[in-house]
Amino acid sequence: MVCQVLPLPRSSSLYSRVRFSFSGSRSPTSFFNSFPRLITCRDMSLSSESSAPTVTTITISYSELKVPGYSDLRQNLLRLAPRLAGLPEEVKRELEDAHSRYNFGWSHGKEKLESGKLDMLKGSFYANPLQDVPTSNSFEIQRYPWYCGSNIWPSKSLPELEGAFKALGNLMFEVGLMVAYHCDQYVSKGMKQHEKQNLEKTLLGSRCHKGRLLYYFPAQDSTTHNKDSVSSWCGWHTDHGSLTGLTRAIFSRDSVEVPCPDPAAGLYIQTRSGQIVKVVYGEDEIAYQIGETTAILSRGYLCATPHCVRAPQGEEARGLERSTFALFMQPDWDQKLTFPKEVEINNDVSLSDGILTFGEYSEKLLNIYYDTKP
């Protein structure tokens, strides 16, 4: 297995995903020295008549990884996504947790993205793969239920989900810590000693990590999306955590895995120059993209990645499903964030003195993306 990280070499106008490894003729430290400073969101449209450029990975050789078995763990979990989405509605309602803003258990049609409309095209199952009960403090549970609540597992309707979810989530977390270490090495070269905040240490001590098993309903069967939009399956956004680990998606029809018939479908990102590109990486690779809090903590030396998902088009795409898994590696809810002027944040997030905890920052974003409040 190899993993991927998202840098933008200074010599390139394209944003690249890179197979991340620690051996070979080129050291990871020298590679991370080519990271960008900041991405600014610009126009995010893409003509349906144009052919989007793609980005292939820059390879750093790596003969072995300390955490083998990724391929099987990915298959084991992603194949459960259609089964989970296909459970009876009354069973899925029992897996919902409105108090956590649907950030534990099953969620479908609760989140708003980009257009302000409810996202009906994907269902999600959220859980903390590292800790079933991150805290027993009643005040914290009431204050930050989207992080401090307890996992909800379908122990009767889909008992194998818990083990598969935790196994893949733990592996991706361990690899993500390696990525965080080398992010720190890069940032330390550009920041003064008193300004440094160690990403690896921050993530290692956090109880906030969240896994998300995603199931994309067949877009061709829906009237709620714009099939000509590059963001037709998932709207443009940046993740507000630190690092997001991503598996390559599995496409299926009637729960049977099939190749995607549309090469233009998949994950897209926006480069710092405003160019929209499709990202290509292998099924045995993990992709890691930078989130907003890493940009904040690094004062813009590392930058959040705007991204979206394009649905497949054409008659052969009818009935096509997409399953994937994301691990959101995040600071603890009481981690203080000082928002530097170098980093742009959501215009709807108000800052009184420029300092929020990660829990407070998350709450402000949840107020934008979700109608319900605990």
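How many cavities of 30 Å³ or more does the count come to? The count comes to three. The structure is a predicted model, in which local features need pLDDT of at least 70 and side-chain atom pairs count only at pLDDT 80 or more, while totals for chains, interfaces and linings use all residues. Residues are numbered from 1 along each chain as its sequence is written, and side-chain values use heavy atoms, with hydrogens and water left out.

A cavity is a set of points, on a 1 Å grid over the protein atoms alone, where a 1.4 Å probe fits but cannot get out; lining residues have an atom within 4 Å of a point. Grid points are joined across faces, edges and corners, and a volume is the space filled by probe spheres set on the points. The largest cavity has a volume of about 590 Å³. It is lined by 36 residues, of which Glu111, Arg212, His237, Asp239 and Phe328 are the closest to its centre. Elements that give two or more residues to this lining include strand E7 (210-216), strand E16 (320-329) and helix H10 (358-369). Helices (H or I, at least four residues) and strands (E, at least two) are DSSP runs, numbered from the N terminus.

The second largest cavity holds about 80 Å³ of space. Among the residues lining the second largest cavity are Cys183, Asp184, Val187 and Leu302. Helix H7 gives the most to this lining, with three residues.

Rings of Phe, Tyr and Trp (its six-membered ring) pair if their centres lie within 6.5 Å; planes under 30 degrees apart count as stacked, over 60 as edge-to-face and the rest as tilted. Ten aromatic pairs are counted. The ring centres of Trp153 and Phe165 are 5.4 Å apart and the planes stand at 75°, so this pair is edge-to-face.

Phe325 lies in strand E16, so the pair ties together parts 160 residues apart in sequence. Phe325 counts as buried, at 0% relative accessibility. Phe125, Trp153, Phe165 and Phe325 form one aromatic cluster.

Note on methods
On a 1 Å grid over the protein atoms alone, a cavity is a set of points where a 1.4 Å probe fits but cannot get out, and a pocket is an open set with protein on both sides within 12 Å along at least five of seven lines; lining residues have an atom within 4 Å of a point. Buried means under 20% relative accessible area, exposed over 50%, partly exposed in between (1.4 Å probe, protein chains only).
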